[in-house]
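Hello,

Here is the structure we discussed, for your files. My notes on one helix pair and its salt bridges follow below.

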Amino acid sequence: MPIGEAQRKYRRTVYTHDDWKNHRSSDRFIVYLQAILTSGFYKNLAGEVLLTTYIATAVCLYNALAGGYTDFQGVQQAAVLSSQYFPVIGLPFAAFTLTSPSLGLLLVFRTNTSYKRWDEARKNWGMNINHTRNLNRLANAYYDSTDVSLEERQDDLTHVAECTWAFVRAMKRHLSPEEEDEADFVKELFLKLPAQQAETVVKAAHRPNRALQDLSYAIEALPMHYLRKHELHHALTIFEDNLGSSERILTSPVPLFYSRHLARFLAVWLLLLPLAIYDAFATSWNHIAMIPATVVISTMLFGIEEIGTQLEEPFTVLPMQSFCDKIYNWCTEISTWQPGDNDRLPKPVEPIHGLYFTEKSVDWTTVSPPPPLPVVGHTTHAAAGVTSNASPSRPAAAAAAAVKTSKKPDRGGGLPPPSPSSSPHQLSMEDFLKRQSQGSS
């Protein structure tokens with residue numbers, strides 16, 4: 001196992017059921033203890049642990065020379081450095097007892113904060129996975145195939161799937177070191193996207209934003225009602241939020257003065273610890289048991305601080321490439337599904353539903369008007385009948401005004417329906433709603 005930065009790519013684990021079985025294994029403690037000497041995590045601590053071990057050894061040797069020692073035959077020997085200038089050195093253990101709670105709180109806060117950053121980054125990618133699938137599913141289900149060939153439908157939905165993948169792949173590159181991912185990113189883009197689109201993304205100053213803009217264009221080109229397009233665009237807003245949250249994590253570490261103070265506090269505390277625990281190991285030969293005890297204590301405490309440091313920047317330990325590959329496979333598969341391919345043909349769209357879900361012309365003479373809306377407003381009752389000062393219903397007037405002002409193209413996201421038909425057998429929506437409102441007054 002490599003050490004340092006080179007080992008982080010080996011920690012991008014995606015668990016399966018077999019991995020969880022091993023994770024819950026009853027002999028996991030034995031396995032983990034056996035791997036201490038080969039663990040890349042503990043290799044990162046070698047410098048700090050060796051320094052504390054060196055100090056502990058130096059304290060044992062000096063105090064043996066200054067205060068006397070026991071030879072290999074068990075005979076007590078006099079001090080070699082018998083002088084008032086070479087006293088036995090040590091520190092009161094109470095100083096470490098008083099400061100250990102403060103050190104523990106600093107370590108706990110450090111690791112908790114770092115884990116929250118990792119957890120937020122993982123949730124951002126979880127949201128990306130969920131909403132990429134949701135976006136492509138809705139694009140497939142909402143697609144208005146009227147007067148559209150199967151080849152054109154497949155091409156449109158495949159383009160949406162590819163643009164979806166391009167965004168998450170650009171986001172992965174945006175959050176990864178350049179030397180690690182740049183070449184693979186460019187290669188994948190030109191392999192899976194049209195050359196011109198791939199080139200525009202690669203040349204963009206902010207590549208995820210450019211990829212997200214291409215996805216917006218792809219959604220706007222789909223033949224469906226603008227309300228349905230609005231629902232698809234909602235997923236893009238979530239993508240942008242996830243990107244911004246990830247950028248904040250990447251560019252804003254835990255406050256440096258906190259991290260540095262903790263590192264100094266821990267280093268001084270552990271480097272001086274051998275002076276405080278020297279007398280506690282008086283029963284061992286020349287206090288030598290203090291040395292392995294120092295190794296274990298410093299490894300565990302330095303390890304806690306190392307966990308916080310490794311989790312603080314989570315993106316180079318998250319399996320983002322695996323996420324991107326899965327998103328590409330899932331979205332591409334969704335784009336191939338078609339209504340009726342499960343041996344259950346879809347029901348034809350009712351004309352009144354066409355008002356809300358398509359942008360095609362509707363023959364309003366075939367549409368049965370809904371029941372009259374209740375009249376809202378000041379009403380006076382006369383002896384001969386009822387008269388009303390209420391204006392035509394607000395929903396009908398608003399819908400008519402929306403149609404009157406609509407000038408969007410048929411596949412570009414306009415308000416339904418388009419321009420009124422000139423056929424004498426068809427009524428415009430505006431005339432239809434006017435008749436409805438007159439009938440209800």
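At what angle do the axes of helix 6 and helix 7 cross? This is a predicted model, and in it the axes of helix 6 (residues 150-174) and helix 7 (residues 178-192) cross at roughly 170 degrees and come within 10 Å. An angle over 145 degrees counts as roughly antiparallel, so helix 6 and helix 7 are roughly antiparallel to each other. On the helix 6 side, the contact is made by E162, W165, R169, A170, K172 and R173. Helix 7 contributes E178, D181, E182, D184, F185, E188, L189 and K192. By class, this contact of helix 6 with helix 7 has ten charged residues, four nonpolar and no polar.

Next, the salt bridges. The count comes to twelve. In one of them, the side chains of R169 and D181 meet at 2.9 Å, N to O. R169 lies in helix 6 and D181 in helix 7, so this pair ties together parts that are twelve residues apart in sequence. R169 is buried, with a relative accessible area of 0%, and D181 is buried at 2%.

R169 also meets E188 in a salt bridge (3.2 Å, N to O). E188 lies in helix 7, so the pair ties together parts 19 residues apart in sequence. E188 counts as buried at 16% relative accessibility. R169, K172, D181 and E188 are linked in a network of salt bridges.

A further salt bridge joins R207 and E182 (2.9 Å, N to O). R207 is in helix 9 (residues 207-220) and E182 in helix 7, 25 residues apart. Both R207 and E182 are buried.

Regards

Note on methods. Residues are numbered from 1 along each chain as its sequence is written. This is a predicted model: local features need pLDDT of at least 70, side-chain atom pairs count only at pLDDT 80 or more; totals for chains, interfaces and linings use all residues. Side-chain values use heavy atoms; hydrogens and water are left out. Axes are lines fitted to C-alpha atoms, for helices over the stretch in contact, and angles run from 0 to 180 degrees between N-to-C directions. Helices (H or I, at least four residues) and strands (E, at least two) are DSSP runs, numbered from the N terminus. Angles under 35 degrees count as roughly parallel, over 145 as roughly antiparallel, 65 to 115 as roughly perpendicular and the rest as oblique. Contact means heavy atoms within 4.5 Å. Ala, Val, Leu, Ile, Met, Phe, Trp, Tyr, Cys and Pro count as nonpolar, Asp, Glu, Lys and Arg as charged, and the others, Gly among them, as polar. A salt bridge is a side-chain nitrogen of Lys or Arg within 4 Å of a carboxyl oxygen of Asp or Glu. Buried means under 20% relative accessible area, exposed over 50%, partly exposed in between (1.4 Å probe, protein chains only).
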